[in-house]
Amino acid sequence: MSDNALHDAFFALHHGLPRQGPGSDATSLRLLAAAGPLPARPRVLDLGCGPGRSAVLLAAEAGAQVTAVDLHRPFLDELRQSADARGLGDAIRTVHADMGDLPFPDGSFDLVWAESSAYSIGFDTALATWRRLLAPGGSLVMTECEWTTASPSAAARAFWDAHYRLRTTAENCAAASAAGYAILSVYRQPETDWDEYYGPLAARADAADPAVPGMSQALAATREEIAVRREHGAEYGYTGYVLRPADPRWRTRPETAADAGLVRELNEAAFPTPDEADLVDALRGDGEAWLPGLSYIAEAAGASPAEGCGGGSPAAYALLTRCHVGDTPALALAPVATAPRYQCQGAGQAAVRAVLDAARARGERLVVVLGHPEYYPRFGFERASRYGIRPGFEVPDEAVMALMLDGSAAVPRGEIHCPAAFGV
């Protein structure tokens, strides 16, 4: 049997299915919302579009002008028919091209979208290759299959190692940060997203003719994949990432021992009393609360690293320290400080995003913050009470917020226990 016969059998097995990978319209809409405000007529690039479920949704829901790319022409034909049937023919352009070698100028798109397709060139290659396509303020949305346990079984690892080398959420977050992206959102896709893919695929497999050249092998591989998911689905899953190139105005880095004095000066300048500066000093001396590498500084990109920002002072600072929600380890975000001369310019946001991304790369899961409810939701924080998380003191409900760093829905419940330095 030729490779072409097997290739054709696989595509025949998938033709006409609503999806070519785990997903749902609900997940697509959630990721679209996390990408933030878009222009009135956003330019969207849908890579590995398949028959175009996402392309049609983006054109219909975001009013987007979608360029849909795939290497399999019959999928593009399906998309063309679907777009015309929905009255979206003018909003969707199909392009037959390799997503690893795209014929588009730099800065061509406000949103680059890749659901269940980046694996074909690899997560790291996708991060590096597609960044140039983003216009200023543009976002990259990808979904990626990854381990959801630190110790996958030998059977699950053997299956995936033969097809695609999975990593953990922490490892993929670290890769995104190293590639120069800020992480706007991480979303662990629900099991129902797999059902939307495997349900129709399994029905198609049951009805397929194994006598077609290559089909028996395609059916065997498909049924093995579905069986592995059924037996080991708790060990891996798809995760959605919403990424944006880091703000080039600010250079972020972990605090060093030499920065302690400058950090104190910044906090004294940013707040009306020295209380926050004293809090940082007290936390730095608490071996159980202080976590090396989770205190971050933002510096103006044009400043000398040796001199810091504007004559030796960092522009902004953000600190995460160990706390607990019930008995579960978590992180507390406090303080966040921006030097007066740099306020309202994005320095504080850069410091917060950098320290949250560093926490993701360490495998931390939960962050809580007491702060302005108008400010912190831009980082993904939500009212903590909706998760059953509560402070041990009186404070307005909307001011206590929580963020699941790995996108997991398994949020611990209970009372927040902060380090002693917080005095609560």
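The largest pocket of this predicted model has a volume of about 1400 Å³. On a 1 Å grid over the protein atoms alone, a pocket is an open set of points where a 1.4 Å probe fits, with protein on both sides within 12 Å along at least five of seven lines, and its lining residues have an atom within 4 Å of a point; the points are joined across faces, edges and corners, and the volume is the space filled by probe spheres set on them. The model is predicted, and local features need pLDDT of at least 70 and side-chain atom pairs pLDDT 80 or more, whereas totals for chains, interfaces and linings use all residues. Residues are numbered from 1 along each chain as its sequence is written, and side-chain values use heavy atoms, with hydrogens and water left out.

The lining of the largest pocket is formed by 48 residues, and those nearest its centre are His14, Gln20, Ser116, Tyr119 and Tyr197. Among the elements that give two or more residues to this lining are helix H1 (3-14), strand E1 (43-47) and helix H8 (191-207), where helices (H or I, at least four residues) and strands (E, at least two) are DSSP runs numbered from the N terminus. By class, the lining holds 25 nonpolar, 15 polar and eight charged residues; here Ala, Val, Leu, Ile, Met, Phe, Trp, Tyr, Cys and Pro count as nonpolar, Asp, Glu, Lys and Arg as charged, and the others, Gly among them, as polar.

The second largest pocket has a volume of about 970 Å³, and of its 35 lining residues Phe271, Pro335, Val336, Leu370 and Tyr376 are the closest to its centre. Strand E11 provides the largest share of this lining, seven residues, and the lining as a whole comprises 25 nonpolar, eight polar and two charged residues.

Helix H7 (residues 169-178) packs with H12 at an angle of about 140°, the axes being 7 Å apart; axes are lines fitted to C-alpha atoms, for helices over the stretch in contact, and angles run from 0 to 180 degrees between N-to-C directions. H7 and H12 are therefore oblique to each other, since angles under 35 degrees count as roughly parallel, over 145 as roughly antiparallel, 65 to 115 as roughly perpendicular and the rest as oblique. In this contact (heavy atoms within 4.5 Å), Ala170, Cys173, Ala174 and Ser177 of H7 meet Asp357, Arg360 and Ala361 of H12.

E6 and strand E7 (residues 236-245) pair in the antiparallel sense over seven bridges, and Ile183 has Leu243 in E7 as its bridge partner.

Note on methods:
Pairing = 2+ DSSP bridges.
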